[in-house]
Amino acid sequence: MAQFKLYSQGDILSLINQRVGETKLGERVQTVAQLAELEFSTAKFVLLGIPEDIGVRANYGLGGAHTAWQPALKALLNLQQNAYLNGADILVLGEFEIAENHSSDVDALRGSVSEIDALVFPIIQAIVAAGKTPMVIGGGHNNCYPIIKGVSLALQTPVDVLNIDAHADLRNPNEGRHSGNGFSTAIQNGFLDQYRILGLQKNYITEAQQQFISQTKAIKAFYFDDLLAYQQDLQVSAEMLLNGTKQPLGLEIDLDSIGGVLASAGTPSGFSVNQIRQLLLQLRKNFAYLHISEGVYQLSDGRKDETIGKTIAYLVSDFVKSN
Ligand SMILES: N=CN[C@@H](CCC(=O)O)C(=O)O
């Protein structure tokens, strides 16, 4: 159904607009010809894409999450190589080649998501076992599950996660895999321990999820509505929310938490890109991985976000600079 495509230097150079007298990040990033070479690379970070929207459509959402990876990669590779950001710190591994499933049958789509889970976790496990920090660009938020699983298996311990998200993604894990139950599935299978949600929106939390959160000691949420109501400082709120967490700690950014960014469940009211950039630059938690999900260049209804690539590239570059 799908395979992983390792990128060559040639694949990467074809995405760079080179200029005489300057060096783009993509001219310095590393690649490997096989996964086994990962452990010998000097790069700390390993970048990969999961261009799929099957998980979102399996959760009754609008398609298009498969369109963010290429513009994000291109924008990142065309940043300047300089004293602030060194391409050699990043190894661009490649992308999953996932055939589109055009079915509108939710059960069939959920079956495909389970197949994607099975493909993703071993690659993440190999990256982490090689001592590297995965940076994953999705794709639907369903992929948090195989990422958490891969990190957890590599490190042989459950993972803690900070999820910046308007939604809890704690829907019933027994109804079939989709973008709304990645964290509940990870908890159910023992791969996720402490779960923290920053920017959860009261308009989107179901009664059942709200009760589950209040009854579960390992889950805590900081509501976006409370940041607005009490004019709370975002960094202070994030630090408070992270009380009780430990390493390994993963970082998830669902782009539907940011106002005006195109996503299946995009919102006009959420964090700003600069608030999240500031948080990334301030937090310095030595995160075990980064996963940026749900961004869209073109939605299935035709809407486009011409700046999605830059939005994601800035977040990735901030993560590299501060992690
Ligand atoms: N990853 C997003 N999950 C949300 C989607 C909400 C929506 O499509 O409106 C959720 O299941 O709640």
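The legends below describe close-up views of a predicted model.

View 1. Asn-59 places a polar side-chain atom 2.9 Å from an oxygen atom of the ligand. For Arg-171, a polar side-chain atom lies 2.7 Å from an oxygen atom of the ligand. On the side of Glu-294, an N or O atom of the side chain is 3.2 Å from a nitrogen atom of the ligand. Of the 340 Å² of accessible area that the ligand has on its own, the protein covers 81%.

**View 2. The largest pocket.** This pocket is where the ligand sits. The space in the largest pocket comes to about 290 Å³. Its lining has 18 residues, and those closest to its centre are Asn-59, His-167, Asp-169, Arg-171 and Ala-265. The lining divides into five nonpolar, eight polar and five charged residues.

**View 3. The second largest pocket.** About 160 Å³ of space lies here. Asn-17, Lys-24, Lys-74, Ala-75, Asn-78, Leu-79, Lys-310 and Tyr-314 line the second largest pocket. Two helices, α3 (69–77) and α11 (308–322), each supply at least two residues of this lining. By class, the lining of the second largest pocket has three nonpolar, two polar and three charged residues.

Notes
Residues are numbered from 1 along each chain as its sequence is written. This is a predicted model: local features need pLDDT of at least 70, side-chain atom pairs count only at pLDDT 80 or more; totals for chains, interfaces and linings use all residues. Side-chain values use heavy atoms; hydrogens and water are left out. A polar contact is a pair of N or O atoms within 3.5 Å; within protein, one must be able to donate a hydrogen and the other to accept it, and residues adjacent in sequence count only if both atoms are side-chain atoms. Accessible areas come from the Shrake-Rupley method with a 1.4 Å probe; for residues, only the protein chains shown count as cover. On a 1 Å grid over the protein atoms alone, a cavity is a set of points where a 1.4 Å probe fits but cannot get out, and a pocket is an open set with protein on both sides within 12 Å along at least five of seven lines; lining residues have an atom within 4 Å of a point. A molecule sits in a cavity or pocket if more than half of its atoms lie within 2 Å of its grid points. Grid points are joined across faces, edges and corners, and a volume is the space filled by probe spheres set on the points. Ala, Val, Leu, Ile, Met, Phe, Trp, Tyr, Cys and Pro count as nonpolar, Asp, Glu, Lys and Arg as charged, and the others, Gly among them, as polar. Helices (H or I, at least four residues) and strands (E, at least two) are DSSP runs, numbered from the N terminus.
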